[in-house]
Amino acid sequence: QVQLVESGGGLVQAGGSLRLSCAATGRPISVGWFRQAPGKEREFVAAISRSGGGTEYADSLKGRFTISRDNAKNTVYLQMNSLKPEDTAVYYCAAREGIILSSMGDYDFWGQGTQVTVSS
């Protein structure tokens with residue numbers, strides 16, 4: 001069983017930065033970040049392979065968001081820079097066996113989410 005706990009969310013002004021963390025317990029797995037804004041569907045943000053050697057990003061977020069992991073700490077990070085009000089959402093990390101994918105339905109384990117609010 002894999003358990004995921006997100007942290008690092010909060011309130012930030014537009015143009016600011018935040019780093020989210022996803023602490024995982026259990027066996028090594030691929031991890032993805034998703035987000036859900038009020039009234040919208042949950043969407044893919046980024047994913048990283050078990051080794052950290054492979055990453056994937058939503059096209060619209062490339063260049064602003066960076067995913068990384070520290071396997072010694074069993075933690076995956078999402079560095080978010082140049083934040084915009086439209087980045088406001090609950091951010092979830094999710095895990096799956098095997099290769100990284102961008103579809104929500106391919107992930108078996110989910111965290112509770114952490115709120116990110118970007119003020120204008």
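This is a predicted model: local features need pLDDT of at least 70, side-chain atom pairs count only at pLDDT 80 or more; totals for chains, interfaces and linings use all residues.

Guide: Helices (H or I, at least four residues) and strands (E, at least two) are DSSP runs, numbered from the N terminus. By that definition the protein chain has zero helices and eleven strands, and its elements run β-β-β-β-β-β-β-β-β-β-β from the N terminus on. Residues are numbered from 1 along each chain as its sequence is written, and side-chain values use heavy atoms, with hydrogens and water left out.

Now to the part you asked about. A disulfide is a pair of cysteine sulfur atoms within 2.5 Å, and by this rule the count comes to one. The partners are Cys22 and Cys93, with their sulfur atoms 2.1 Å apart. The torsion about their S-S bond is about 65 degrees, so the disulfide is right-handed. The pair links distant parts of the chain: Cys22 belongs to strand S3 (residues 18-25) and Cys93 to strand S9 (residues 89-96), 71 residues apart.

How covered are the two cysteines? Here buried means under 20% relative accessible area, exposed over 50%, and partly exposed in between (1.4 Å probe, protein chains only). Cys22 counts as buried at 1% relative accessibility, and Cys93 counts as buried at 0%. For the chain as a whole, buried residues make up 44% of the 120 residues.

Let us stay with strand S3 for a moment, where Ser21 also lies. Ser21 is buried too, with a relative accessible area of 17%. Taking contact to mean heavy atoms within 4.5 Å, and not counting residues up to four places away in sequence, Ser21 touches Val5, Glu6, Ser7, Trp33, Thr75, Val76 and Tyr77. Links across the sequence show up in the whole chain as well: among contacts between residues at least 6 apart in sequence, 57% join residues at least 24 apart.

Ser82 is in the loop between S8 and S9. Ser82 has a positive phi of about 50 degrees although it is not a glycine, and with a relative accessible area of 41% it is partly exposed. Asn74, in the loop between strand S7 (65-70) and strand S8 (75-80), likewise has a positive phi, near 50 degrees, in a residue other than glycine. Asn74 is partly exposed, with a relative accessible area of 42%.

At 35% relative accessibility, Glu97 counts as partly exposed. Not counting residues up to four places away in sequence, Glu97 touches Arg27, Ile29 and Asp108. The C-alpha atoms of Glu97 and Tyr107 are separated by 8.2 Å, with the two residues ten apart along the chain.

The C-alpha atoms of the protein chain fill a box of roughly 40 × 30 × 25 Å, taken along the principal axes.
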